[in-house]
Structure formats: C-alpha cells, structure tokens
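Today I am looking up aromatic rings and their partners. My notes follow.

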Amino acid sequence: MTHSSNKYILLVLAAALLSACSVTKIYERPASVSTEKLFRDETSADTTTLAAMPWQSVFRDAKLNALIQKGLDQNLNLKNAIENIIQAQATLRQSKLAYYPTLNLDANVTRTKQSEAGLNFPPGININTLTTTYKLGVSTSWEADIWGKLSSSKRAALATYLATDAAKQAVQTQLISDIANNYFLLLSLDKQLEITQKTLESRIKNVETIKSLKEGAIVTGAAVVQSEANRYAAEVLIPDLKQSIRETENALNILMGQGPGTIERGVLADQVIPENIKVGVSSQLLENRPDVRQAEFNFRTAFETTNLARTYFYPSLTLTASGGFSNLELKDFFSNSVFYSIIGGLTQPLFNQGLNKARLTTAQSRQLQALNNFQQSLLTAGQEVSNSLYAYQMAVEKQESRARQIESLEKAVDYTQQLLEYSSATNYTDVLTSEQNLLSAQLSGVNDNLQKLQALVNLYRALGGGWK
C-alpha cells in the first residue's frame, strides 16, 4: 500500500470520527428540569435532611426494627426488584461485549455422490462417484463503532441498569414506610382498644350506680336505660377494633413475606421520634429520592436510544475473516489444505421503507415523554414532602389542644357524676353527654398521635430516606 493511500485512509477515518461527534450527543441534565421551590413555603438553605439518617436511627423501637429487617430479607416485591437488577446486569454485560468480534468454529464432513453414464460401458451400467470433503475452520466478524452505535447501546444499557437499581431502592423505601405505618396503626388500635375496654368497665359500674340512685328516687327509670345504652355504645366498638387489629397484623405479615399470625410489638406511649426534623432543600431530591433518580435514568435511556436511532442513517463498517483447513483425504488434512479470506464491507442505507425515520421520530417522542415523567416525579416528590411536613406540624398542634380538651372532659365527667349522685343540680343527660365526649376525645387523641407518627414516616420516605 502506498504512502498516499495511507494518508487517504487516515483522512477518511478522521472525517468519520468528527462526524461521529455530531451524530451522537453527550448526556447533560436538561436545564428545563426545575428543582427550585418544590417544598411549599421553602425558605431555609440548610441542607441537613432527615433522609440522611439510617432507618435504624429514625425508628427507636427494637421490635419495629426487627420487623423492618425481616421485611427487607423476605418481602417478595423486593426480591422481584432484585431480579430485575440481575436481568439488567446481564443486558449491560452483553452491551459491553458488543465491542469485541464474534468468533465461530465450523467443523464438518461432506459426502457427495454423483452418478455418471460411462460411454465405454454396456448400456444400463452407471458409475457412481463418491466424494468426501473434510473441513475445519473459524470465522470472525467485527463492526467498527464509527458513529457511536455501540457506545450509545452500552450507555442505554447502563442507564437501564441504574434505573432498575433505583427502582429497587424505591421499593425498599416504600416497604420500610409501609411496615412502620402499619406498625404504628397497630399500636394505636391497641391503645384505642385499651381505652374502650376501660370505658366499658367504668360504664358497667355506672349502670349499677344509676340503678341504686333510682331506688333512692334520685333518678328515673329513663336514666337507667340511658346508662345501659351508654354501656352498649362502648361495648359495640370493641369487635370492630379487634377486627382491625387482626387485619393490620395480617397486612404486616404479608409485607414480611410470611403467613398471617400475631405480631410482637411495643406500646404507643413508648415511641420516640427524632427531634429537630429537617427537610433540607428541594434540589436534594435529585440524589436522595429513588423514584426521581429512576425517572432521570429512564430519561437517559431514552436519550441514548435517540442517539442510537440517529446512527442508523450512516454507513456501518464490518470486517469479516475466515480460515481453516479443507481436504479430500483425512490423512493429509493439515497438509496443503489451508484456506482463508478477509472481507471489509461498508453498508450505507439508501431506502428501507422509512424505517430509520420512523425509528428516530419514535425515539424522540419517547425521550420527550421521559423528560416529562422526570419533571413530574420531582413535582410529586415536592408535593409529598410538603404534605407530610404540614401533616406532622398540624398533628403536633392538635396534640397540645387535645390534651387540654381531655383534661377538661375528665373533670366534666367527675363533676356531673358527683352532682347527679349528691344533689339534684343536674340530670343524667349531662353525665351521658360528658362521658360520650370524653371517649370520643380520648380516641381522637390516639389518632392525633398516630397522625404525627405516620406523618414522620411519610416525610422520611418522601425525602428519600431508607435506602442508603
């Protein structure tokens, strides 16, 4: 090959490489994706965030932590998410191997039989010629990644793998949230059942007291039947609470990948939550929130798929080579029987019924959809953080007012009962009303505490905590 030919080849390759730079693009996070002011009333620039805490530190109940760990070990949805990662890893490995040439081994024996009519032989006599050919060869093929087709495929596979990993992390954070929320619900139901059972015991005694007062002509028979109805009003709440407790236990067992059964647990009053809860800044959602990260990786996959679609408009360069041994005699197989061939092919698409254009249009449209999904995931994350934080703050406010309400109602019940028993300054309707209001406030107080605990759990998940 001449020196001028070498120059020509180098110029062609240089032009191809320069063209490749314009065919495919390098990924950058779109400037249109907004991460500012995603939290309502966001004013602080403090980057300290609850999401940075491990779940073992957020939840201080050892029994809850044991349930969470069992869920992480046994939950079936989480196991399926891990299998998705394994599948994505296989695709990624395959995309990396696309840079290497293929290699095939071919070994065969061919027997051909040919019948010839012998001119010098009597009529009707044919001579059959039998030929045996032995062949052993290898072939290889390699496509030069001139336009970035293989590189784009690899980057798309990597983004898909990272998206499945983020999806697994999202499943994990949701699982921790679900276990904690159901656990706190179970504790609140236990507390409500305890309050209702104590109230029932008190009202059973109250019925006997009212009967004694009737005998003393202090109250009428109407007060007796009202006290009995008041007793049954508390009693009828118990079966529903017991049913809810059992169903919540069963739900927790499903989350832990096991059959229904009793859940070992603590009590609501012993729950301790972190102090000085911080949410950081909204831009941290890009790194902390798994579903947001998954949405961005999905966008990157779509971005590289668009890159790949562009490369189909340009020629592909493929080199193929084959070689080996072929002979009619097995004993002389490795003697004077070598064959080889080297072929370089350049394929330029001219007309393929609009396939390339349709492929690019579809890829660009899906890329835009992925971008919209990315932005939507950020907006949703910001909304969830804002809602959970506000729910927590309102629960704290309610607890303070509720405690004073319960204290006042307890005094009201004592006063009206004493007035009914020792004077005629009141009637049983006042006692009945104050008792009903007290039970309702006590049960609502338990719900306030549950709201605070669950708001904390939801805030932790919304910020992206639990997977690190």
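I started with Phe-184, which is buried at 3% relative accessibility. For the record, buried is under 20% relative accessible area, exposed over 50%, and partly exposed in between, with a 1.4 Å probe and protein chains only.

This is a predicted model, where local features need pLDDT of at least 70, side-chain atom pairs count only at pLDDT 80 or more, and totals for chains, interfaces and linings use all residues. Residues are numbered from 1 along each chain as its sequence is written, and side-chain values use heavy atoms, leaving out hydrogens and water.

Next I looked up the ring partner. Phe-184 pairs with Phe-59, at 6.4 Å between centres and 55 degrees between planes, so I noted the pair as tilted. My cut-offs: rings of Phe, Tyr and Trp (its six-membered ring) pair if their centres lie within 6.5 Å; planes under 30 degrees apart are stacked, over 60 edge-to-face, the rest tilted. Phe-59 sits in the loop between H2 and helix H3 (62-74), and Phe-184 in helix H5 (residues 149-215), 125 residues apart. Helices are DSSP runs (H or I, at least four residues), numbered from the N terminus. Phe-59 is also buried, at 3%. Ring pairs join Phe-59, Tyr-183, Phe-184 and Tyr-460 in a cluster.

I then searched the whole structure and found 5 aromatic pairs. Tyr-27 and Phe-303 make an edge-to-face pair, 5.5 Å centre to centre with 80 degrees between the planes. Tyr-27 is in the loop between helices H1 (3-23) and H2 (55-58), and Phe-303 in helix H9 (residues 290-311), so this pair ties together parts 276 residues apart in sequence. Tyr-27 is buried at 16%. Phe-303 is buried at 12%.

Terms used:
Helices (H or I, at least four residues) and strands (E, at least two) are DSSP runs, numbered from the N terminus.
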